[in-house]
Amino acid sequence: FGQKLLFARTMARTPGRGGALLLFTTLFSARCPTGASRYLAESGPVQWVPGGSAPHQQLETGEARVLIIGDVHGCYEELEDLLQRCDYDKGKGDVVILIGDLVNKGPRSADVLKLAVSEGFHAVLGNHDVMFIHQWDEYKMSGNIPPADMHGSYEWFKHLSDEHVAWLRGRPLTLELMDHSNAIAVHAGMVPGVPLTEQRKEDLYEIRDLKEVSGKWQVVQASKGEPWAKVWSDLGVWGCSALAPFVYFGHDAPRGL
């Protein structure tokens, strides 16, 4: 996690009021034209996870600097190191958006959630976050911590409070960045040509590959089609100009994201 984030450097620029964008493998740092961030709009509560919030939300960041960080996976120390190297300063109004998969795999998932809550970070949900919410609900009902699996031990459940889980449960699947030409932050990606509200929720946190079937793009198993982002870009208008000119995402570890 740390090496990928700290050694990949490219530069890009978003249209509109946004300024220079510093891209790492899973970090995007944008300076836009300082003020507190705020949510602009939400649809009604949607029970796609127990007690979940609206899946699509809009975020206004004003002139604040925005740091978009993906797939922390419980790597608390690496996250702190990354924030330090970016000169993150909450007091100056910096806004942090975590693009899903805050938990699992790494050694300090509980600390990552606690930091996100205490610092007032924004976030979208990833597939590991969704899995965790369901596991947490089962744990609260049975009192039994899930057995260790390929993602590691779940003993960290003992170090969380209901407040931290409620915060994660309330995160959306997408954030539309109103001061960055309506760019969208999402964990995995989107299907080109499908309106945002009609995107399948599981695709937003699981999609990797697409295949064209009868003139429409369908989600297929990883490595069974083309990367969704390549399809989106090759269409010439970033997939669907009515959706967003830019999509910031992570998730696809096999491809280095």
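## H251 and the segment after β14

H251 lies in the segment that follows strand β14 (247-248) of this predicted model; helices (H or I, at least four residues) and strands (E, at least two) are DSSP runs numbered from the N terminus. Although H251 is not a glycine, its phi is positive, at about 75°. The relative accessible area of H251 is 5%, so the residue is buried (under 20% relative accessible area; exposed is over 50%, partly exposed in between, with a 1.4 Å probe and protein chains only).

## Basis of the values

Residues are numbered from 1 along each chain as its sequence is written, and side-chain values use heavy atoms, without hydrogens and water. Because the model is predicted, local features need pLDDT of at least 70 and side-chain atom pairs count only at pLDDT 80 or more, whereas totals for chains, interfaces and linings use all residues.

## Two loop aspartates

D71 is placed in the loop between β6 (65-69) and α2. Its phi is near 55°, a positive value in a residue other than glycine. With a relative accessible area of 8%, D71 is buried.

D179 occupies the loop between β9 (174-177) and β10 (183-186). This residue counts as buried, at 5% relative accessibility. The D179 side chain reaches the backbone nitrogen of T61 at 2.9 Å.

## Packing of α2 and α3

Two packed helices are described by the angle between their axes and the distance between the axes. For helix α2 (residues 76-85) and helix α3 (residues 109-119), the axes come within 8 Å and cross at roughly 40°. Axes here are lines fitted to C-alpha atoms, for helices over the stretch in contact, with angles from 0 to 180 degrees between N-to-C directions. The two helices are therefore oblique to each other (angles under 35 degrees count as roughly parallel, over 145 as roughly antiparallel, 65 to 115 as roughly perpendicular and the rest as oblique).

On the α2 side, Y76, L79, E80 and L83 meet D111, V112 and L115 of α3, where contact means heavy atoms within 4.5 Å. By class, this contact of α2 with α3 has 5 nonpolar, no polar and 2 charged residues.

## Overall composition and surface

The protein has 7 helices and 14 strands. Of its 257 residues, 51% count as buried. The accessible surface comes to about 11900 Å², and 51% of this area belongs to carbon and sulfur atoms; the areas come from the Shrake-Rupley method with a 1.4 Å probe.

Note on methods
Nonpolar A, V, L, I, M, F, W, Y, C, P; charged D, E, K, R; others polar. Polar contact = N/O pair within 3.5 Å; in protein donor to acceptor, adjacent residues only side chain to side chain.
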